[in-house]
Amino acid sequence: MKIRENVNISELSTMKIGGIARYVFEIEDTTEVFMIIPKMEEMGIKKYYFLGSGANTFATDDGFDGVIIVNKIQGIQKEDLGDKIRYTVGGGVDWDEFVDETVKNGLTGIECLAGIPGTVGAAPVQNIGAYGQEVKDSISKILALDMKKQQFVSLSREECDFSYRHSIFNSGLRGRYFIYAVEFILEKGEIQGELYRSLQTYLDENKISSRSPEVLAEAVREVRNSKLPIAGEEASSGSFFKNIYVKEDEIEELDKRGIPHHGTKINVAWLIEQSGLIGKTFHGFRVSEKAPLVLINDSAKSYEELKKAVQEISKVVEEKFGFKLEQEPNVIGVDND
Ligand SMILES: Cc1cc2nc3c(=O)[nH]c(=O)nc-3n(C[C@H](O)[C@H](O)[C@H](O)COP(=O)(O)OP(=O)(O)OC[C@H]3O[C@@H](n4cnc5c(N)ncnc54)[C@H](O)[C@@H]3O)c2cc1C
């Protein structure tokens, strides 16, 4: 285990925001997971926060007076089950590398999640989703260290209570489980049924008729690159605002008001666009021209600036449409208190 002291959290976050962390533990091997709790006890550390690659996380300017436990555990194990394959994947494996491995083996299930930045261990936390797929549908088991019981556990998909951008890991039991590996079951074959509209449009425009996982993953990467900030080139946390879900009996009202929705899901990008916010900059944060849910950090250095930007953007949307925007990314030092 690598231990670092007084680390700038902004360097660990793709949004480039956050003060100093007292300690960082880098966990590189499953055997080191055993050492997390004894090491914290030995060093007298009480507070901790789990981190992957920081693509959905930043911190307040006060930083974090505890240890940030970074998952760097590698390794992909594969077991052939006939028409399916079971993978057990280290939590620190790069998500897109794992997607690549599965599509090259002709497996369907996560091909539309290609190009999402982050680690495998963080994927279940907010149940990553894109282009009509969610990771929950391919997960069979979560292997974790239970910080409360101080033992290794295996959690079934049902126990994780997955839904849109939600699981036990980012709600009621946040901070309880350090996910050191994830087990997936993926099927040989191709995606069935209708594809997500923008993906289908891309395929049609490019005269691509194949739906092989490899072809779809590549198409998704192309569509994403044309619509989303490219990780590493612009500082962001991806979608900053979540889509909003309304109740079934509120749909009629949406139609009357001409607010676009997909079932009970309101298109928040449209609300932001219609509020005249696209391309505008607030305290160093720009509302992305390509993807209105994304805030790009052009020049801000502090969480205080982000807080002000979010308040101002949310106020404009709420005054125009009456909907409160909800933040997707996690904040170290706020979410875990
Ligand atoms: C350009 C861009 C595009 C994006 N596009 C999408 C998208 O299309 N769909 C989507 O769903 N998301 C998207 N995201 C968000 C992000 O990619 C995902 O949330 C991803 O899973 C984050 O992975 P990470 O390793 O960086 O997680 P981190 O940001 O490091 O952590 C995220 C959360 O998971 C917890 N966590 C991390 N590792 C563990 C662990 N081992 N055990 C327990 N808890 C852990 C952390 O405490 C934190 O609460 C995008 C982000 C960016 C920057």
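1. Helices (H or I, at least four residues) and strands (E, at least two) are taken here as DSSP runs, numbered from the N terminus. By that rule Lys-39 and Glu-42 both belong to helix H2, where they lie three residues apart and are therefore separated by about one helical turn. Lys-39 forms a salt bridge with Glu-42, the closest N and O atoms being 3.3 Å apart, where a salt bridge is a side-chain nitrogen of Lys or Arg within 4 Å of a carboxyl oxygen of Asp or Glu. The structure as a whole holds 22 salt bridges.

2. The model is a predicted one, in which local features need pLDDT of at least 70 and side-chain atom pairs count only at pLDDT 80 or more, whereas totals for chains, interfaces and linings use all residues. Residues are numbered from 1 along each chain as its sequence is written, and side-chain values use heavy atoms, with hydrogens and water left out.

3. The protein is divided into domain 1 (2–71), domain 2 (76–227) and domain 3 (244–332), with bounds that come from an automatic or database domain assignment.

4. An open sheet of four strands, in the order S1-S2-S5-S3, has mixed pairing; two strands count as paired if DSSP finds at least two bridges between them. At its edges are strand S1 (2–8) and strand S3 (48–51), each of which pairs on one side only, and the twist averages 30° from one strand to the next. S3 runs parallel to strand S5 (residues 64–71), to which four bridges join it, and Tyr-49 has Ile-68 in S5 as its bridge partner.

5. Helix H2 (residues 36–43) packs on this sheet, where it touches S1, strand S2 (20–27), S3 and S5, and its direction makes about 145° with that of S2. Contact means heavy atoms within 4.5 Å, while axes are lines fitted to C-alpha atoms, for helices over the stretch in contact, with angles running from 0 to 180 degrees between N-to-C directions.

6. The centres of domain 1 and domain 3, taken over C-alpha atoms, are separated by 30 Å, and 14 residues of domain 1 are in contact with 15 residues of domain 3. About 1,300 Å² is buried between domain 1 and domain 3, with carbon and sulfur atoms giving 65% of that area; buried area is the accessible area (1.4 Å probe) that two parts lose on being put together, summed over both. Of the area that domain 1 buries against domain 3, Met-15, Asn-56 and Phe-58 supply 45%, more than any other three residues.

7. Between domain 1 and domain 3 the count of salt bridges is zero. The elements giving two or more residues to the side of domain 1 that touches domain 3 are S3, strand S4 (57–59) and S5, and S4 gives the most, with three residues.

8. Strand S6 (residues 76–80) and strand S7 (residues 84–90) pair in the antiparallel sense over five bridges, with Arg-86 in S7 as the bridge partner of Glu-79. S6 and S7 form a hairpin with three residues between them, and Gly-82 in the turn has a positive phi of about 95°.

9. A further open sheet has three strands in the order S14-S16-S15, with antiparallel pairing. Strand S14 (244–245) and strand S15 (261–262) stand at its edges, each with a single partner strand, so one side of each is left without a neighbour in the sheet. Two bridges join S15 to strand S16 (residues 265–266), the two running antiparallel, and His-262 stands opposite Lys-265 in S16.
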